[in-house]
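Good morning, and thank you for the time on today's agenda.

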Amino acid sequence: MSKIIITCALTGSIHTPSMSPYLPVSAGEIVEHGLAAAEAGAAILHLHARDPETGRPSPDPAHFRAFLPRLKQGCDAVLNISTGGNATMTLEQRLAAPLEAEPEMCSLNMGTMNFALYPMAERRNEWKHDWEKPFLEGSNDLVFKNTPLDIATVLDKLGRARGARFEFECYDMSHLYMLAHFAERGAVEPPFFIQFVFGVLGGMGADPENLTHMVRIADKLFGDGYMFSVLAAGRQQMPMAAQSAGMGGHVRVGLEDSLMIARGELAQSNAQQVEKVRGIVEALGREVATPAEARAMLGLKG
Ligand code: KMH
Ligand code: ZN
């Protein structure tokens, strides 16, 4: 079996600094977390930026510029810039930084969907008869817009024109058919790196049977022309990563997807999650891919 690529998503745009003191927010923190995650075995760093003043997600290229060169200089990991940003940003805002940075890899979200975090289990009682409350707090009742034209735009501007390759974020079966459509039209070339996303309220749930079914359908649609990776938001992060590694897939961890390292225990760094998943991967008898090996497997421009 081929080696396993560990992606680490350092900060994302969903969790807030009030949820964990360990979430990296400033450029310095993002660099520190990224270098440590790469040292621990992450071949890909999935990147969002934040406004250091407020801690809020930011599409401003200046906020990316503050950490990208330092990460590039400090490690060999593949720098993968989000084109998802967050659901409150326009596509134009989401594309500003990747268009400027011209990274070898970007995320690409394969469909429009509802996007919310599951209400926290600890507060279920409080919210039991107050159905609206968890969706009124913060930005937790969003439509994440990724129409076919949006997807075509990202493929054209970042893929065709700038040579980026993609982490195809698929939250649902329908997203595989969207990718197959663009593949059929020749807008994207294999091998496809498909990130199956579980545990977002609006996408598929973190159920092992959903993963086996996604793989079955992806096998039919893409044959040998794809690799899959798994990310699960929240507490299913490690169990679903373990299932992926056992099935021949790749894994994604990081504080973007879960703030925890174990039940009731905050992760103190991104590297801590990388070390944990690396231990799982190696216990299953699989080896971890280096950045150079990941670049070769994914056909990146380097
Ligand atoms: N936040 C994850 C559920 C993106 O940045 O393009 C998916 C994600 C999207 O990482
Ligand atoms: Zn992301």
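Does P17 count as buried, exposed or partly exposed? P17 has 15 C-beta neighbours inside 10 Å and therefore counts as partly exposed; buried requires 20 or more other C-beta atoms within 10 Å, exposed 12 or fewer, and partly exposed is in between, with C-beta atoms placed from the backbone.

Before going further, please note that this is a predicted model, in which local features need pLDDT of at least 70, side-chain atom pairs count only at pLDDT 80 or more, and totals for chains, interfaces and linings use all residues. Residues are numbered from 1 along each chain as its sequence is written, while chains are lettered from A and ligands numbered from 1 in the order in which they are written.

P17 lies in the loop between β1 (6-9) and α1; helices (H or I, at least four residues) and strands (E, at least two) are DSSP runs, numbered from the N terminus. Leaving aside residues up to four places away in sequence, P17 touches L23, V25 and G55, contact meaning C-beta atoms, placed from the backbone, within 7 Å. P17 and R56 are 39 residues apart in sequence, yet 8.5 Å apart in space, C-alpha to C-alpha.

Helix α1 (residues 27-40) packs with helix α11 (residues 270-283), their axes 8 Å apart. Among the residues of α1 that meet α11 are H33 and A36. The residues of this contact divide into five nonpolar, two polar and three charged (nonpolar: Ala, Val, Leu, Ile, Met, Phe, Trp, Tyr, Cys and Pro; charged: Asp, Glu, Lys and Arg; polar: the others, Gly among them).

How values were computed
Axes fitted to C-alpha atoms, helices over the stretch in contact; angles between N-to-C directions. Contact = placed C-beta atoms within 7 Å.
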